[in-house]
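Here are some exercises to work through with the model open beside you. Try each task before you read its solution.

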Amino acid sequence: MTAPTRPTEQLAPHPSDATPAGTAPTAGGHRRSGRWIDHWDPEDATFWHDGGRRVASRNLRISVFAEFVGFAVWALWSIVVPQLPAAGFVLTIDQQFWLVAVPSLVGATLRIPYTFAVPLFGGRNWTIVSALLLLLPTVALALVVQRPDTSFGLLLAVAALAGFGGGNFASSMANISFFYPEREKGKALGLNAAGGNLGTAAVQLAVPLVITVGAGVALERAGLMMVPFIVLGAVLAWRCMDNLSAARADPRSFAAAARNKHTWIISFLYIGTFGSFIGYAGAFPMLLGAQFPGAGLSIAFLGALVGSLTRPLGGVIADRVGGTPVTIASYGTMALGALGAIQALERDSFGLFFGSFLLLFVATGVGNGSTYRMIPAVFQASATGDGAPGDVRARARQAAAGCIGIAGAVGAFGGFLIPRGFAASTSMTGSLVPALWAFIGMYAVMALVAWAVYRRPGAALAGARI
């Protein structure tokens, strides 16, 4: 029997098969730039215990920071836009909502190509590149907000660049998934996602403080304050992260997922959970400023904060009772939150409005965790075929991996739909209430779909208690 590989021989002091010049030969004898690990087997308990866990943890820590910065850049315009009138910009409400919505549209679109970038270029290499790309939206923002005569088209183009930060989520999650064994992947990905989501709350907290230091409003600081963190993220990735040769692009996983109806059902459900989180997080500062001008923007960050912190809770509860009941309960709670916001607008009650939105954010966070937890359970339960059980499970894991990428991209489009829904409602009726009623209706439809497909007596997967 061949003795198991001891990772300490390959991983210490800094795991790499790289040459002193920082390159490693491929199987064909070519040179690769960056730090590469050519043997990686986290499912081997000895390998994992003798150094694999340490290496994975180091890469996870840097990945969380890089994703944190990415989300912060993605959310920059959500807190900058309400400040534009004070800086001399003349924009309609519809134009302001466009500036909030377009980063989510671009970020959602970039998530699929960003997922494939990790196997193509290496997780370490792509983390460096994707971090440095964030200099484009931040520096461009700092330049254009100093000129109130900047055209709306140029403002929209610069806001679209912030979508680079949204794409980072997909590549970061894909990279970390390669480092961890199946038994610990859920926890690692949950920490990675929650850490990234916190970037939204952090930037919404910091920007109002930074731009008002001294006299007037210095909006360019909103972009410039991010530059040191972007550079730090790139340097940390360069110094401390690794590329894995075993991380290979597998278009088959996406093809298998795209052919499976459950991919699109879960993607639809994820629009209601993650899409609501990123959509409300983007719109909340504007809503507060427009509906309750005296409240100030300094508390807008609390919505994104509670939504981020409750995401892991959703996964934990789903592990115990199943993802579907938790997701359905989240939709119900979101509907209650939206109903409370409607009542608050009718009564002109800031306290009720703010509390209702915090309830909405809590429910989106829990729903994010529970919906993601449904994906592996659904594909394992629905796996069929003529092969051996091991082959069936392998196909299910492959399709589930593809579903995570597709659902993450589709769900992020909610970040575009919700601000545009508020814009349409305000333009046509002068009120947010019609949009909130529409969202309540969508949550009811999504809850019904989740129950009908995964919990309805007689449904094909009802026995799996997903």
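**Exercise 1**

Leaving aside its neighbours within four places in sequence, which residues is S171 in contact with? Then decide whether S171 is buried or exposed.

Solution. A reminder before you start: this is a predicted model.
- Step 1: find S171 in helix α8, which covers residues 163-179.
- Step 2: skip the neighbours within four places in sequence, and the contacts of S171 are Y114, V118 and W126.
- Step 3: turn to accessibility. The relative accessible area of S171 is 6%, and the cut-off for buried is under 20%, so S171 counts as buried.

**Exercise 2**

Get an overview of the chain: how many helices and strands are there, and what percentage of the residues count as buried?

Solution. 
- Step 1: go through the secondary structure, which comes to 20 helices and 4 strands.
- Step 2: check burial over the 466 residues of the chain; 54% count as buried.
- Step 3: Residues 24 or more positions apart account for 79% of them.

**Exercise 3**

Which members of the largest nonpolar core touch the most other members, and which element gives the most to this core?

Solution. 
- Step 1: the largest nonpolar core holds 125 residues, and those touching the most other members are W77, L84, F353, F357 and F422.
- Step 2: sort this core by element, and α13 gives the most, with 14 residues.
- Step 3: zoom in on F357. Not counting residues up to four places away in sequence, F357 touches Y280, F284, L287, A341 and F422.
- Step 4: look for a separate core as well. A second one has 6 residues, among them I128, A131, A234 and A237.

As background, nonpolar side chains tend to be buried together in soluble globular proteins.

**Exercise 4**

Which residues of helix α14 are buried, and what do they pack against?

Solution. 
- Step 1: run along α14, residues 301-309, and pick out the buried ones: F301, G303, A304, G307 and S308.
- Step 2: look at how they sit around the axis. Their arc is only 160°, so they are on the same side of α14.
- Step 3: find the partners. The buried residues of α14 pack against α9 (182-210), α13, α15 (311-321) and α17.

**Exercise 5**

What is the volume of the second largest pocket, and which element gives the most to its lining?

Solution. 
- Step 1: the space in the second largest pocket comes to about 250 Å³.
- Step 2: 15 residues line this pocket, and the closest to its centre are I271, L417, I418, F439 and M442.
- Step 3: the elements that give two or more residues to the lining are α13 (261-291), α19 (414-429) and α20 (433-454). Of the elements, α20 gives the most, with 6 residues.

**Exercise 6**

Where do D348 and R465 lie, and is each one buried or exposed?

Solution. 
- Step 1: recall that most residues other than glycine have a negative phi.
- Step 2: D348 has a positive phi, near 55°, without being a glycine. R465 isn't a glycine either, yet its phi is positive at about 50°.
- Step 3: D348 is in the loop between α16 (323-347) and α17 (350-382), while R465 is in the segment after α20.
- Step 4: D348 is at 57% relative accessibility, so it counts as exposed. R465 has a relative accessible area of 58%, so it is exposed too.

**Exercise 7**

Leaving aside its neighbours within four places in sequence, which residues is F65 in contact with?

Solution. 
- Step 1: F65 belongs to helix α2, residues 45-74.
- Step 2: with neighbours within four places left out, F65 is in contact with F229, L232, G233 and L236.
- Step 3: take one of these partners. F65 and L232 are 167 residues apart along the chain, and their C-alpha atoms are separated by 9.4 Å.
- Step 4: F65 has a relative accessible area of 22%, so it is partly exposed.

Notes. Residues numbered from 1 in each chain as written. Predicted model: local features only at pLDDT ≥ 70, side-chain atom pairs only at ≥ 80, totals over all residues. Heavy atoms only, no water. Buried < 20%, exposed > 50% of the residue type's maximum accessible area, 1.4 Å probe, protein only. Contact = heavy atoms within 4.5 Å. 1 Å grid on protein atoms, 1.4 Å probe; cavity = no way out; pocket = protein on both sides within 12 Å on 5 of 7 lines; lining within 4 Å. Points joined across faces, edges and corners; volume = space filled by probe spheres on them. Arc of directions from axis to C-beta. Core = buried A, V, L, I, M, F, W, Y, C linked by side-chain atoms within 4.5 Å.
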